[in-house]
Amino acid sequence: MPRSWLLAALAACVTVGLVAVPSPQPVTAAAPQDDAKKKFKKDVEASIEKGLEYLKKIQAQDGHWEAQGGQYPTSMTALAGMAFLMEGSTLKEGKYSDQVKKAVDWFLAPARQQPNGMIGDVRNPTEQTRYMYGQGFGTMFLASVYGEEEDKEQREKLEKLLKKAVEFICKAQTLKKHRKAEGKEVDIGGWGYVSAAEGNNFDEGSVTITALQGLRAARNAGIPVPKENIDRAVNYLEACTTPKGGIIYSYAGGGGAVGENGRPPLTAAAVCCGFSAGQYKSELPKRWIKYCKDNIPVGKGRQSHDEYQTYYFSQAVYALGDDKYLEMFPLLKADGKTPKVYGDLTAGEKDQLLTWSGYKDATFQTILDNQDKTNGSWSQGYIGPVYTTSINLCILQLEKAILPIYQK
């Protein structure tokens, strides 16, 4: 059949309805909201890459990082190292494996090894009187490396160091008696800037949280940690909790938390430790999280101890996700008995919740806005760009969920 006849016949069939031709579908543009989410995700990824490249560029030849004026090299190296581990790099693999390896080698250098398990360097004036921060952060970093390490020889080196580091932390813990409201007396123990023996049994909240997170990272990696030290630390935090749910700066030699309002940064850190132990439904973390929700403005500009507070509160809210706050603080239906599920909530009720998605939108945007677009660092705060950059990179990478200490 000639081609012209065939075309004419097809045209006739279409006309009388013998051949169905689908009507053209309207082309729908991607929803503006979806486009905005994709762009935001790309912006976050670009910000992370710039920040990591900045830390890579300024790492010292021997593998360490330091704060302004050579301060706190142990803590800074641990926190910067965590940022690279959260990216997915390890000692053997990944874009930044060289940076991780150099940092670990710095910790393992013979000149730094001490028989008592101290990780910090008391020869550095800024660590001489505050070495327990480095002990906690350093233990957390090395335990995170150890958990992912497959090389037998390297694992043995790390295991030996970590066991001694844990032993040092446990021996450095304070020991006090505290009488609970119901009259029961319990042992409590926190940590101060230096060991209990050297610091006259002084302890305070921020170091206690750092040491406790180091111990939990070690335990996650399979390093033995005595249960009594963890229990005494949890008792300590409870003893330092005010009636309103805030954590005070220090137990103050037996004064406890009576009559004080508490400090939001320390309370956020306590929530993080409680959640990392899976304590979502017990009363103490509930009091802490409620206090934080009422006292920590999200996305409202800089706060006191902003980096520290945001670092720990971000971990806590990430662990909450979008559903656990409603489980912890249920809203009831009209019958006064049946808990509502998320789909039952009004828009106003949803706004009352503390959710990761809402927190992330506000907090991440603030972090991105504050980044130096030239070199990729963050320089807010008084400790310096290594600290602030490392903290922000850890926050921005929480959703990668690579390291056990940061997982839900």
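**Close-up 1. Helices α2 and α16 make a left-handed crossing in this predicted model.** The two partners are α2, residues 32-58, and α16, residues 385-396; their axes come within 10 Å and cross at roughly 145°. On the α2 side, the contact is made by Val 44, Ser 47, Ile 48, Gly 51, Leu 52, Tyr 54, Leu 55 and Ile 58. Facing them from α16 are Pro 385, Val 386, Thr 389, Ser 390, Leu 393 and Leu 396. Sort this contact by class and you get 10 nonpolar residues, 4 polar ones and no charged ones.

**Close-up 2. Helix α2 has the length you'd expect, and part of it is buried.** The buried residues of α2 are Phe 40, Val 44, Ser 47, Ile 48, Gly 51, Leu 52, Tyr 54 and Leu 55. Their cover includes α3 (73-87) and α15 (356-370), along with α16.

**Close-up 3. The largest nonpolar core takes in 114 residues.** Look for Leu 55, Met 82, Phe 141, Trp 191, Tyr 312, Phe 313 and Tyr 406 here, as these touch the most other members. Helix α6 (residues 131-148) supplies the largest share of this core, with 10 residues. As a general point, nonpolar side chains in soluble globular proteins tend to be buried together.

**Close-up 4. Tyr 406 and what it touches.**

**Close-up 5. Tyr 72 has a positive phi.** Most residues other than glycine have a negative phi. Tyr 72 isn't a glycine, yet its phi is near 45°. You'll find Tyr 72 in the loop between α2 and α3. Its relative accessibility is 22%, so Tyr 72 counts as partly exposed, given that buried means under 20%.

**Close-up 6. Asn 201 is another non-glycine residue with a positive phi.** Here phi is about 65°. Asn 201 belongs to the loop between β2 (185-188) and α8 (205-220). With a relative accessible area of 27%, Asn 201 is partly exposed.

Methods: Residues are numbered from 1 along each chain as its sequence is written. This is a predicted model: local features need pLDDT of at least 70, side-chain atom pairs count only at pLDDT 80 or more; totals for chains, interfaces and linings use all residues. Side-chain values use heavy atoms; hydrogens and water are left out. Axes are lines fitted to C-alpha atoms, for helices over the stretch in contact, and angles run from 0 to 180 degrees between N-to-C directions. Helices (H or I, at least four residues) and strands (E, at least two) are DSSP runs, numbered from the N terminus. A crossing is left-handed if the near helix is turned anticlockwise from the far one by less than a right angle, and right-handed if clockwise. Contact means heavy atoms within 4.5 Å. Ala, Val, Leu, Ile, Met, Phe, Trp, Tyr, Cys and Pro count as nonpolar, Asp, Glu, Lys and Arg as charged, and the others, Gly among them, as polar. A nonpolar core is a set of buried Ala, Val, Leu, Ile, Met, Phe, Trp, Tyr and Cys residues joined through side-chain atoms within 4.5 Å. Buried means under 20% relative accessible area, exposed over 50%, partly exposed in between (1.4 Å probe, protein chains only). The expected span of a helix is 1.5 Å times one less than its number of residues. Lists of a residue's contacts leave out its neighbours within four places in sequence.
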